[in-house]
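Hi everyone, thanks for coming along. Let me put the model up on the screen, and then we can walk through it together.

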Amino acid sequence: MDFEPPQRLVRALGDDDWIGQLPKLVEETAARSGLEIERVLAPGGRSSLIVLVRRQDGTAAALKLVPPSAAPEPERAALAHWNGFGAVRLLGGSGGALLLERLHPELSVRSLPEAKALLEAAGTARRLWVEPPSGHAFETVAERTARQVSALSDRAGTAPQALVDDALAAREELLAHSPESLLLHGNFRQSKVLAGDRTPWLAVGPEPLVGERAYDLARLARDRVEDLIAATSGASAARRRVNRLADSLDVDRERLRGWTLFRAVESGTRAIAEGRRAEGEVSLEFAGWL
């Protein structure tokens, strides 16, 4: 199959050799699995290629290809454990390929009005929070954020030092007593919840880990932050959103505020360091409101 990889993916991965091999990889993977290729999904994501396919029995599916550096095994293990409950169903695949049920990629929860979007997203997240499988190899919130702390220290100059200090202190306090160890999506936000056929909304693209629900909600709390920035009551609206989200899922408000602060500062400084200054500054302004 000859095609141009989506530009969003090209921009994200740069000169990765995997990009140049994609047409051949798609053909070989589809042939090996007996799949009929329909089309490449564009604009697609920044870390994987999605190809719409049909299985031998004619059912629609989606083939997800990820670069070797992406380590797809945690996603595969989480999807297998959820088995379609709250998340897209894993149908097969091996190596860097995951065969998934076909959803409606053009329709995410983000397309809904804000209040409705938060409600539907929260309901989807609730279904994902289950006990992890016995003997699992998922990393923990403490482990993932420890790596982020190390990187954050290297780029602390991209944000006010007081804000960075507050974020680091919040993490330390939260990890001193973690109330639960559940399987989390890890990158949960409105655009990661797509319309499905067997159920209205299903989560996709997990970066799974084990920890508390407040960590998983922290990225969702920052969704549509541009709208909050543009509003005259942005600061108070941000705090109300965090409180409403916590209350709707019986999560401690202060724990959600703390993880939202840490994740917003980490994300904002990372975006600035990677050249996405406008995006990073928005995240940092949001963090300052908390």
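What order do the strands have in the open sheet of three strands? The order is 6-8-9, and the pairing is antiparallel. Before I go on, a word on ground rules: this is a predicted model, where local features need pLDDT of at least 70 and side-chain atom pairs count only at pLDDT 80 or more, while totals for chains, interfaces and linings use all residues. Residues are numbered from 1 along each chain as its sequence is written, and side-chain values use heavy atoms, with hydrogens and water left out. Helices (H or I, at least four residues) and strands (E, at least two) are DSSP runs, numbered from the N terminus.

Strand 6 (104–108) and strand 9 (201–203) are its edge strands, each pairing on one side only; to pair, two strands need at least two bridges between them in DSSP. From one strand to the next, the twist averages 55 degrees. Strand 8, residues 193–195, runs antiparallel to strand 9 and is joined to strand 9 by three bridges. If you look at L194, its bridge partner in strand 9 is L202. Helix 4 (residues 114–128) packs on the sheet and touches strand 8 and strand 9, with its direction at about 55 degrees to that of strand 9. Contact here means heavy atoms within 4.5 Å, and the axes are lines fitted to C-alpha atoms, for helices over the stretch in contact, with angles running from 0 to 180 degrees between N-to-C directions.

Now for the aromatic part. Rings of Phe, Tyr and Trp (its six-membered ring) pair if their centres lie within 6.5 Å; planes under 30 degrees apart are stacked, over 60 edge-to-face, and the rest tilted. By that rule we get two aromatic pairs. In one of them, the rings of Y215 and W259 have centres 5.3 Å apart and planes at 80 degrees, so this is an edge-to-face pair. Because Y215 sits in helix 7 and W259 in helix 10 (residues 253–273), the pair ties together parts 44 residues apart in sequence. W259 and F262 are also edge-to-face, at 6.0 Å centre to centre and 85 degrees between the planes. Those two are three residues apart in helix 10, so about one helical turn separates them. Together, Y215, W259 and F262 form one aromatic cluster.

Buried or exposed: what is W259? W259 is buried, at 1% relative accessible area, and F262 is buried at 0%. For reference, buried is under 20%, exposed over 50%, and partly exposed in between, using a 1.4 Å probe and protein chains only. On the face of Y215 lies R263, 4.3 Å from the ring centre; the rule for a charge over a ring is NZ of Lys or CZ of Arg within 6 Å of the centre and within 35 degrees of the ring normal.

W259 has another partner too: its side chain makes a polar contact of 2.9 Å with that of E212. A polar contact is a pair of N or O atoms within 3.5 Å; within protein, one must be able to donate a hydrogen and the other to accept it, and residues adjacent in sequence count only if both atoms are side-chain atoms. E212 belongs to the loop between strand 10 (209–211) and helix 7, and is buried at 4%.

Finally, some backbone details. A cis peptide bond joins A42 and P43, with omega about 10 degrees. N83 has a positive phi of about 50 degrees although it is not a glycine, and N83 is exposed at 53%. R224 has a positive phi as well, near 55 degrees, but R224 is buried at 11%.
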